[in-house]
Each structure stands twice: as structure tokens, then as C-alpha cells.
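This report looks at how one protein chain is held together. It takes the nonpolar cores, the charged pairs and the disulfides in turn.

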Amino acid sequence: MQVPQSLFKAEGYDHREALFGVPPYGGSIAQNVYFADADLCDANVDNHRGYPIRPKDSHGNMEPWPSPYILLVDRGGCSFVNKVRNAQRAGAAGVIIADNICLCSDSDCVSANAGKELTCQTAEPIMADDGSGADISIPSFLMFKSDADLVKAELLANHMVQIEMQWALPRPDDRVEYDLWSVPSDVMSHEFLKSFKPYAVALGEHAYFTPNQYIYDGVRSHCQGSDGMNMCYNLCTNNGRYCATDPDNDLDKGISGADVVKESLRRICIWKHYGESDGIGREWWDYVAEFQHRCDSPDYFVHDDCIKDVYKHSKVDGAVIDRCMRDSGGLETDATNSFLELALGSQTQRGVVVLPTAFVNNVALRGTLSPSAVFGAICSGFLDGTEPQICKQCQKCGNQDECIKTSHCSGASSSDSVSKHTFVFSLFMITAAFSLAAFYHWKKTREDMRDQVRGILAEYMPLEDQGDGEMTQGSPMDFARQGGSAGLIS
């Protein structure tokens, strides 16, 4: 916060980012803040209220919040998603949710609010998606009560406050590392997995990708009994050690959790052999896309012939992958699988709780998982001056997919600029139009001048010598028709 200076902190304010919305990674939003003075649970937002107070319009109402602006909203009354959605519809560029309960660990906040009805909360609130946040495109933060109260006090005193919301990514070097956590049955990641291969290939050695499969720990979930038996029916493999949720919520038919674990192990092995060495994994991307096209249905999800067909079309050696799955520990007996154990350890260390989740330089990306969003975050993660050419050409291109495929931006590079091709063509057309207009004007002026000269000369009666010394009067236009070749004086 730069305004007012009394709220400035060099290190910024502690906050928690929402798990929905589309943050501009590598960028920031700096705007004036307005306190809604309402819970924003109603879709009909009254933007003529709130603080600071604005001048009144001709109808006696306060002027609406002037765009662009960041809206400060109290927590409570409805879900975070509902509040931010209504703020978005009201025209907000970003939202700050002011927490209304102190953290028990914040002794200053607890003592300052002693005697009030609200008790403290032991755990930090999470701005989670309630399942309907896919339509939200603006970013939002949650600010803890002790800090939010300071901002609110300034606004209630009719003082302007300006907040900058930043999404800086670590920029350690000239190579960006990014990874994705998902499961084969996750429909939210299907479109990304189907379409991101050209981006991964275009980034080449400048970026290293790691796909991770999320596995549920059956031992911690008590799916393995004390006698080593599987207590979770067909949700787990290895006698209840490694589990997944049932995609179709039907334990008796369709795709089972054990089927998902098996496909997860297969994809881990494919990456080990076809992607781990270069971080690109062309065959891995091809396999996933072909699997979605051919086998992603209850009848074919674990059908051996379908899997072989996918191997063939993605140019993956099925025998090598099947051996990898067996050598890692398999899925049948009460034994550990080395690759699945690594997956359990990695997801615990990373703290993954929401699927799908992408990370760029160890920072979790929020919002919709799309190729353009992930590509933009990757390009923002390079050390200044080390960005690959593909980022310079395509990060702000209007037709990003085509730019990635052709390494040339054929559309507008941004909302306020045009491509080189469009600029040159427009310049040519403008020049041609002016040239044609100039030529027409020159030709018309020349004809007008001729007509004027002819008219002037026609007023005179040139005398023609008939040879006998007698001068006769000729036609008034005879001289003019000669185009001025005959003189007035012989």
C-alpha cells in the first residue's frame, strides 16, 4: 500500500490467495480501494453506497465506484465465490476479503477484540472454490483481521487507499520448472493435457515439465486392515496401500479407484522412459491425448487392446512400460511400489490438496487451468533478459495457439497494438488511397486548366491568311483545337 503513507509496509501485507479466479502472474493490479459496506451476497450490488463517500449525482445518489477499482468486502454471509462473483459483475478489477475473526496465534488482534462475541480461529481460512467458480476471472485475496481493520478505518474516515495486488513468480535462472498434479480420471485437466503439447515443445530446453499423479495413501486412510487385507473394496491396489476415488461413484461397475491407480502408474512409467531426460516428453503428451480419445470410457479404461492401440499411435513401447510397472513393485500383492511411494512423498511435501494444480517455479497457480494461463506464468518465471524467443513472440499474441505452432503472431499482440503484417498492409492501403486521390486531383486540375485556356482563346478570332492578302475570320474554336500549336501573331 502506497496511499496513505501511514499504511505502507516495505514487505507488504500477509494475505491468502483465492483458489479460483485468474491472477495475472508476473503482473500486478494497483487501484483505489472502496469498502462495499455490504456482504455482497446479493447479485444486485448497490454501487452507490460504501466508502469513501463520493459526490452526489443529479438524482441525489452517491456516484458509483469509479472504474477501475478494488473492492473491500467483509467476510461472512455467503461463500467466497459468491462474493467475488458479485463484485466481478459490479465491475471490480480485484477483491479483498476482510477477515472478521482473529487468528488465535495473533495475540495483538485477540487482545484488541477482547470482550466481543467473536472468538478466535485456530486455523487460517482457505478461500476455496465451492465448485462454481469457473466463471470468475478476477483475482481475490483474503486479508487477516488485524490488517483489514486498519484499511477499513481509513476508508470509513473517507480517506483514499490504494492497494497493489502482485503476483510475482520466483526468477532464479534461465530455465523454468513447472509441474502438474492430477489424476487420469480428472475431467478438469483433460483439455489442458490434450492441447499443451505444442507449448511444451516450443519452450524446449528452456522449461522442464514434470507430470505428477495424485495417489491416496491407503494405509493412512485405514484401507489396509491390521491383517493386511484391503478394507476399501476396489478403490485400492496392493491390499489397500494405494487408492483413488471412484470416478463414477459406482463401486459395482464402471471405472474403479484401482483402475485409476493402475493408469496413474502407467503414466509415471511412460514419463520415466520418454520425458524425464529432457523435460518435454513428446510421447507422454501423445499417449495422454490418444488415451483420452480412445480409452477414456468405462468400457475401455483398462481394456488391454485399447491400451495397446494407444501405445501404437503414440509410439510408446508397451513392453517396456509393462515391465516398468512390474519392476517398480506391481499392483497385485501386499508390497510397496517404489514409484507410487515416491508420489505419496512428493504430494505430502508439496502440500497438494486441490486437483488439478499446476506449479511454476514452486509457486501454485490459481484459477482456470488453461494453456495460455500456464504459458504466461512460465514466461513470467524467467530471469530478466533470459526469456526464450517464443515468449517474446507469443506471450501477448491475440492468437496464441497459432503463434505457438508457427512461431509468428498473425493476430494482434495485445489489446492496444497490432501485428507487423496488419500494420504494413494498413500502411500500404492508406498510401495507395492517398496516391489515387492525388492522381485524380492532378488529372482533374489539368483538365480544368485546359478548359479554361481554351475558353479564353476561343474569345479571340484568329485571322487566317487566305493567300490573297485578305484576312478572314475563322471559327472561334479552330485555334483552341490546335492545342496552342499556332501562334497569335504570324
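## Exposure and the model

A residue counts as buried under 20% relative accessible area, as exposed over 50%, and as partly exposed in between. The model is predicted.

Asp-37 has 31% relative accessibility, so the residue counts as partly exposed. Arg-49, at 35%, is partly exposed too.

## Nonpolar cores

The largest nonpolar core has 87 residues. Within this core, Tyr-178, Phe-196, Tyr-287, Phe-375 and Ile-378 touch the most other members. Helix H6, residues 257-274, gives the core its largest share, eight residues.

Ile-378 shows how such a residue is packed. Setting aside residues up to four places away in sequence, Ile-378 touches Val-176, Tyr-178, Phe-196, Leu-203, Ala-207 and Val-360. Another core, of 22 residues, lies apart from the largest one. Its members include Tyr-34, Ala-36, Leu-71 and Ile-138.

Asp-186 sits in the loop between strand E7 (176-182) and helix H4 (190-195). Its side chain is buried yet has no salt bridge. Which side chain of opposite charge is nearest to Asp-186? That side chain is Arg-267, 9.1 Å away.

Asp-186 does have a polar partner. Its side chain makes a polar contact with the side chain of Ser-189, at 3.1 Å. Leaving aside neighbours within four places in sequence, Asp-186 is in contact with Leu-355 and Pro-356.

## Salt bridges

The count comes to 19 salt bridges. Arg-267 takes part in one of them, with Glu-263. The closest N and O atoms of this pair are 3.0 Å apart. Both residues lie in helix H6, four residues apart, about one turn of the helix. Glu-263 and Arg-267 are both buried.

Asp-37 and Arg-49 form another salt bridge, with the closest N and O atoms 3.7 Å apart. Both partners are in the loop between strand E2 (28-35) and strand E3 (70-74), twelve residues apart.

Lys-272 pairs with Glu-276, their closest N and O atoms 3.1 Å apart. Lys-272 is partly exposed, at 31% relative accessible area. Glu-276 is partly exposed as well, at 36%. Elsewhere, salt bridges with shared partners join Asp-14, Arg-16 and Glu-124 into one network.

## Disulfides

How many disulfides does the whole structure hold? A search finds ten. One of them joins Cys-102 to Cys-109, S to S 2.0 Å. The torsion about this S-S bond is about -70 degrees, so the disulfide is left-handed. Both Cys-102 and Cys-109 are buried.

Cys-104 and Cys-120 are also joined, S to S 2.0 Å. Here the torsion is about 90 degrees, so the link is right-handed. Cys-104 is partly exposed at 31%, and Cys-120 is partly exposed at 34%.

Cys-397 and Cys-409 form a further disulfide, with sulfur atoms 2.1 Å apart. This link is right-handed, with 90 degrees about the S-S bond. Cys-397 is in the loop between helix H12 (389-394) and helix H13 (400-406), and Cys-409 is in the loop between H13 and helix H14 (420-458). Both cysteines of this pair are buried.

Technical notes:
Residues numbered from 1 in each chain as written. Predicted model: local features only at pLDDT ≥ 70, side-chain atom pairs only at ≥ 80, totals over all residues. Heavy atoms only, no water. Core = buried A, V, L, I, M, F, W, Y, C linked by side-chain atoms within 4.5 Å. Buried < 20%, exposed > 50% of the residue type's maximum accessible area, 1.4 Å probe, protein only. Helix = DSSP H or I, 4+ residues; strand = E, 2+ residues; numbered from the N terminus. Contact = heavy atoms within 4.5 Å. Lys, Arg positive; Asp, Glu negative; His and termini not counted. Salt bridge = Lys/Arg side-chain N within 4 Å of Asp/Glu carboxyl O. Polar contact = N/O pair within 3.5 Å; in protein donor to acceptor, adjacent residues only side chain to side chain. Disulfide = S-S within 2.5 Å.
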